[in-house]
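User: Hi! Could you walk me through a couple of pieces of this protein?
Analyst: Happy to. Let's look at it together.
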Amino acid sequence: MAKLVVHQDKIDDISALLAICPFGAIEEKNGEVSIGAACKMCRLCVKNGPKGAVEFVPDAEVAQVDKSQWKGIAVYVDHVDGIIHPVTYELIGKAKELAAKIGQPVYALFMGSNIGDKSRELLHYGADKVFVYDKQSLEYFKVEAYTSVFEDFINKVKPTAILVGATTVGRQLAPRVAARFHTGLTADCTILDMQENTDLVQIRPAFGGNIMAQILTANTRPQLATVRYKVMNAPQREEKTSGEIVDCPIDEVKLNSHVEVLQVTAKEKEKTIDSAEVLIVAGRGIKKQADLAMLQELADLLGGEVASTRPVVEAGWIDAKRQVGLSGRTVRPKLIITCGVSGSVQFVAGMNHSDTILSINKDPKASIFKAANYGIVGDLYEIVPQLIDKIKADKALGGASL
Amino acid sequence: MDILVCIKQVPGSNKVKIDPVTGVLQRNGVDSKMNPYDLYALETGMRLKERYGGTVSVISMGPPQAKAVIYEAFAMGADKGALVSDRKFGGADVLATSYTLAQGIRKFGTFDLMICGLQTTDGDTAQVGPEIAEALHIPSVCNVRNILDVDDHAIVVDMDMPHDIERLRVSFPCLLTVQKDIFQPRLPSYLKKQATQKRDIRMFTMADMDDQDERRYGLSGSATQVQRIFPPESDKKQEMWQDTSSNALAGKMYDKIKELKFI
């Protein structure tokens, strides 16, 4: 087992060594230094401590998988009743890019009931092969049955990497698959790249987005990663297709489940900030709940929705579903106008992929301006009403001129 | 019904920086707390116990200091607690963490229902719950927003999906991850805290585990490796508009929005 060995004789300043550990895992007792259970094996003490004081002793033997046996990049097709979630196309686009670097194919894994006629659509986005498991018992998502199908697919196709949308289904399915194959899964990747040796470079925000971590699954296959919707770009739909559909049989016994679906109730359709093309975001610069009406008016004029930062939700002024950020929704509208938002990293991580970011803040040093394309230093209570007037005047003129 | 709730001690804040020269991760302070999402899991366990009888146990993995969150759970009404702790478990990723916890759960007892919070505020992956269930070969349901009924064999829950709500009957034993706001978590009780401050917490180390293969634990048992950490960067087009009247600023915004064809 990989471990850290402390060489006491090489430590000159114990407190300096203790201070290196960001997790407080280096302990000192009667002048003896030891590593405690809080150790995350980040090895900063090896790198930055006194030379030779802490030694990293790797595993004697690391079981290495034969990577040449695993080929192709697979995308899990996220769908509801055959309606394919757009994150799927985004991931196929990314998979094509990654696969091109290693000269391998792109696969799509499509499981459900009565989905046969929907599978061709995936070919228009560049999947080389679509593996279809069409079974009545796969009508509803049940984690055990879906994991079994995934297992069957992986054993049959042996893809080197699998991309799964970080949707409600993807986020509970991918971990079960990863654990079943004793392999790695990296959640919410924001950047993916491919190395020549087929190792998938996975970059994700850590510590609430304050740090980016680059992660490899170097010794096991398949490599699994989830990616949130609207992080990658969907490719253009092509009229011509060259891929093929592969119908996959599976033994009904494998689809047994301890979960029984009693009923499915459609939620009331509500306008969500996830799908809005324009978002007006209220931050702490909004002084009272009634002032949100002003932002709503601007949103209505631009055909958008009002969203907010966490403090506004915590104040009870707006529904939590409208919160943007790591603890809220990730959004990628075409236009986002933030009003009195300071720009915490948690917030920015949830919106910095927006196409155009306009930010109004009184403080020229506000960190939101690091994320904004256009930083407007001024009082939102003066600017927003005047902006509304200008847009209204434009509309009154039929948008002809101004 | 015997219920197990998985809880984690997390840093009090995510404020970290990387020293640009040394590359060392700097954390402000070492204060820690129970993962806020776990409070909802614990509250769910307590409500079920109050309604249907049984016990609520909690398990955590981490350094000895993590006992603090187990005592906090006692003060909220949990009956038993266990901590899985060994420096050999250090550096564990989701896979190794889930496997280690599953091993610890097997030593701790048999449970009808296991409940986890939706995710943690430090790792933020929402993966450990379902991976524990896989390691234990039991069904799992995530994003549970409501619990409707419990009988001898199963629990009926509502799973929150993007477009609908699925009502599921899940056989015991099973694992649920519950959404924020499923129930309002209670505050720890001072009297319970007094009464439980000396209660024993079971400790499980590497030596206690059924599976003694050290390659399944800690860094060795981790399938993912963090290669490097770096500060987020931005390389986008940026302009600042300032030092002019608010009317002029509104005008520039109007022009830009018009140029982008939103008006």
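Analyst: Keep in mind that this is a predicted model. Let's start with strand β12 of chain B, residues 174–178: five of its five residues are buried, so the strand is largely enclosed by the rest of the structure.
User: Which residues are on each side of β12(B)?
Analyst: C174(B), L176(B) and V178(B) are on one side, while L175(B) and T177(B) are on the other. Both faces of β12(B) are covered.
User: OK, and how does strand β8 of chain B run relative to β12(B), parallel or antiparallel?
Analyst: Parallel! Strand β8, residues 113–117 of chain B, is joined to β12(B) by five bridges. As an example, T177(B) in β12(B) has C116(B) opposite.
User: How many bridges are there between strand β9 of chain B and β12(B)?
Analyst: Three, and that pairing is in the parallel sense too; β9(B) covers residues 140–150. Here V141(B) has L176(B) of β12(B) as its bridge partner.
User: Switching topic: why is helix α2 of chain B described as largely enclosed?
Analyst: Because seven of its 10 residues are buried; the helix covers residues 67–76.
User: Which ones are buried in α2(B)?
Analyst: They are V69(B), I70(B), E72(B), A73(B), F74(B), A75(B) and M76(B).
User: And what covers the buried residues of α2(B)?
Analyst: The cover includes strands β2 (9–11), β5 (32–34), β6 (55–61) and β7 (80–84), plus helices α1 (36–52) and α5 (190–196), of chain B.
User: Last one: what follows α2(B)?
Analyst: That's G77(B), with a positive phi near 120°.

Conventions: Residues numbered from 1 in each chain as written. Chains lettered and ligands numbered in written order. Predicted model: local features only at pLDDT ≥ 70, side-chain atom pairs only at ≥ 80, totals over all residues. Buried ≥ 20, exposed ≤ 12 C-beta atoms within 10 Å, placed from the backbone. Helix = DSSP H or I, 4+ residues; strand = E, 2+ residues; numbered from the N terminus. Pairing = 2+ DSSP bridges. Contact = placed C-beta atoms within 7 Å.
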